[in-house]
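I opened the model to look up strands, a helix residue, the core and a pocket. My entries are below.

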Amino acid sequence: MRFEELDRRDRDFLSYIGGELIELGEGSARLAFTIRPHHMQHLGVVHGGAIATLADHCGWYAVISQLDPGYTSVTIELKINYLQPAVGTRLEAEAKVKNRTKRTAFTTIEMFSNKTLVAFATATYSIVDESRLQTRIAHVKQ
């Protein structure tokens with residue numbers, strides 16, 4: 001899958017958080033953002049929520065890189081171990097799909113700041129038919 005094939009709304013969200021897709025492979029992805037003041041928490045290090053957002057997004061990209069057209073994935077579980085404060089100028093995430101079935105995918109995501117591992121995450125994604133999901137979402141919105 002190429003970047004141009006991704007849903008425009010997702011690229012907009014990635015841009016909104018200041019993120020960029022560095023690499024998309026078969027079952028893998030690398031994302032990053034330049035650390036800005038709005039990513040920081042009150043002690044001057046990257047907020048855990050910003051780290052979690054980039055991790056989740058990176059895992060999702062790794063999963064969708066393996067899916068057929070018409071299918072997408074949604075997060076059903078995300079667990080993060082924060083190893084040390086993220087400081088510096090750039091936060092990078094590297095995700096790999098470790099196991100995939102017809103309905104789920106399990107990923108690992110490593111987060112780096114200044115080439116130092118600052119967080120490790122695992123995430124499970126549900127693989128869904130996009131048109132069925134859209135119908136379900138429309139019903140919930142009513």
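These notes go from the strands to the core and then to a pocket.

**Ground rules**

I am working with a predicted model, where local features need pLDDT of at least 70, side-chain atom pairs count only at pLDDT 80 or more, and totals for chains, interfaces and linings use all residues. Residues are numbered from 1 along each chain as its sequence is written, and side-chain values use heavy atoms, with hydrogens and water left out.

**Entry 1**

I took helices (H or I, at least four residues) and strands (E, at least two) as DSSP runs, numbered from the N terminus. I counted two strands as paired if DSSP finds at least two bridges between them.

How many bridges join E1 to E2? I found six, and the two strands run antiparallel. They form a hairpin with two residues between them. In the turn, Gly-27 has a positive phi of about 80°. Leu-24 stands opposite Ala-29 in E2.

I then followed E2 to E4. These strands are also antiparallel, joined by seven bridges. Ser-28 has Lys-96 in E4 as its bridge partner.

**Entry 1: Ile-22**

Ile-22 sits in strand E1, residues 19–25. Is Ile-22 buried or partly exposed? Buried means under 20% relative accessible area, exposed over 50%, partly exposed in between, with a 1.4 Å probe and protein chains only. I logged Ile-22 as partly exposed because its relative accessible area is 34%.

For contacts I used heavy atoms within 4.5 Å. Not counting residues up to four places away in sequence, Ile-22 touches Arg-30, Leu-31, Ala-32 and Arg-90. I also checked Lys-102, which is 80 residues from Ile-22 in sequence and 27 Å away, C-alpha to C-alpha.

**Entry 2: the largest nonpolar core**

A nonpolar core here is a set of buried Ala, Val, Leu, Ile, Met, Phe, Trp, Tyr and Cys residues joined through side-chain atoms within 4.5 Å. The largest one has 35 residues. Leu-31, Tyr-61, Leu-91, Ile-109 and Met-111 touch the most other members. At least two residues each come from strand E2 (28–34), helix H2 (48–64), strand E4 (90–100), strand E5 (104–113) and E6. H2 gives the most, with 11 residues.

I listed the contacts of Leu-31, leaving out residues up to four places away in sequence. They include Leu-14, Leu-54, Cys-58, Tyr-61 and Leu-91. Ile-22 is also among them.

Gly-59 is in helix H2. I call Gly-59 buried because its relative accessible area is 0%. Beyond four places in sequence, its contacts are Ala-95, Thr-107, Ile-109 and Tyr-125.

Thr-124 belongs to strand E6, residues 116–129. Thr-124 counts as buried because its relative accessibility is 18%. Its contacts beyond four places in sequence include Val-74, Ile-76, Thr-104 and Phe-106.

**Entry 3: the second largest pocket**

On a 1 Å grid over the protein atoms alone, a pocket is an open set of points where a 1.4 Å probe fits, with protein on both sides within 12 Å along at least five of seven lines; lining residues have an atom within 4 Å of a point. Grid points are joined across faces, edges and corners, and a volume is the space filled by probe spheres set on the points.

The second largest pocket holds about 410 Å³. Which residues lie nearest its centre? I noted Tyr-71, Lys-102, Ile-127, Val-128 and Asp-129, from a lining of 13 residues. E6 and helix H3 (130–141) are the elements that give two or more residues to this lining.
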